[in-house]
Amino acid sequence: MNKQHSSWLWRGILLASALWLTACASGPKVRTDQAPNVDLSSYQTFGFMSELATDRAGYTSLVTQHLKAAITAEMTARGYRLSDEPQLLINFNSNVAQRSEVRSTTSPSLHPYSYYYYRRGLYAPFPYYQTDVETVHYRVGTVNIDLVDASRKQLVWEGIAEGVLSQQDLQQPRESTARVVNHIFQQFPSRR
C-alpha cells in the first residue's frame, strides 16, 4: 500500500469515527406531538394514571419510580403542581430492545504480493476491492410520555425518545432516565 493511499484511508477512518462519536454524543432522537387547539398552559395540575404502562406485574417497578421522579421534576420546573385531582394525567412506557446490524465496508487494496505486483514502477495496476463485514449487537431504549386531559380522557401531548443505550446507561438507570426525560421535555411547549 503506498503512502498516499494509506494516508487517505486513515483520514477516512478518522472522519467516520468522529461522525459516529458526534452522533452518539448528541443524545436520543426525540419526537413530540400535540393535539390541535390545545393550550397546555391552561392546565395547572398533573398526576399519574392509576395503572401505568410500566407496571404490568401488579407492583411499582424501579423503572416506574425513576420515570415518576424525573417527570415530576420536569413538570414542577415548568410551574405545574402534583395533585390528587389533576387536570393532566400522565402515563409512560419504557422499552429496551436488542438489535443487530450488519455493517460492510469496501476499500481498495493493493496487496504488495498480489498477482500484479510485478508491474510496480511501470504503471499502476487496478486495485482490487476488499469487503469487511461485521455484525454489531446493541440495545435501543425507547421512552414514551403521554399527557392526557383528565376530564375529556383525551391525549393532548406526547413525547418519544429513542436511542442506543451505552454501558453507563445500563449501570446508572436513575441518572439515564432523568437525562432522557429532560431531552423529551426540552421540546415541551413553554408556558405563557
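Two strands pair if DSSP finds at least two bridges between them. Helices (H or I, at least four residues) and strands (E, at least two) are DSSP runs, numbered from the N terminus. The model is predicted, so local features need pLDDT of at least 70 and side-chain atom pairs count only at pLDDT 80 or more, while totals for chains, interfaces and linings use all residues. Residues are numbered from 1 along each chain as its sequence is written, and side-chain values use heavy atoms, with hydrogens and water left out.

Strand S2 (residues 45-48) and strand S3 (residues 81-82) run parallel and are joined by two bridges.

Helix H2 (residues 62-77) and helix H4 (residues 173-185) have axes that come within 9 Å and cross at roughly 40 degrees. The two helices are therefore oblique to each other (angles under 35 degrees count as roughly parallel, over 145 as roughly antiparallel, 65 to 115 as roughly perpendicular and the rest as oblique). Axes are lines fitted to C-alpha atoms, for helices over the stretch in contact, and angles run from 0 to 180 degrees between N-to-C directions.

Helix H2 also holds Thr-76, which counts as partly exposed at 41% relative accessibility. The C-alpha atoms of Thr-76 and Gln-44 are separated by 10.0 Å, and the two residues are 32 residues apart along the chain.

Terms used
Buried means under 20% relative accessible area, exposed over 50%, partly exposed in between (1.4 Å probe, protein chains only).
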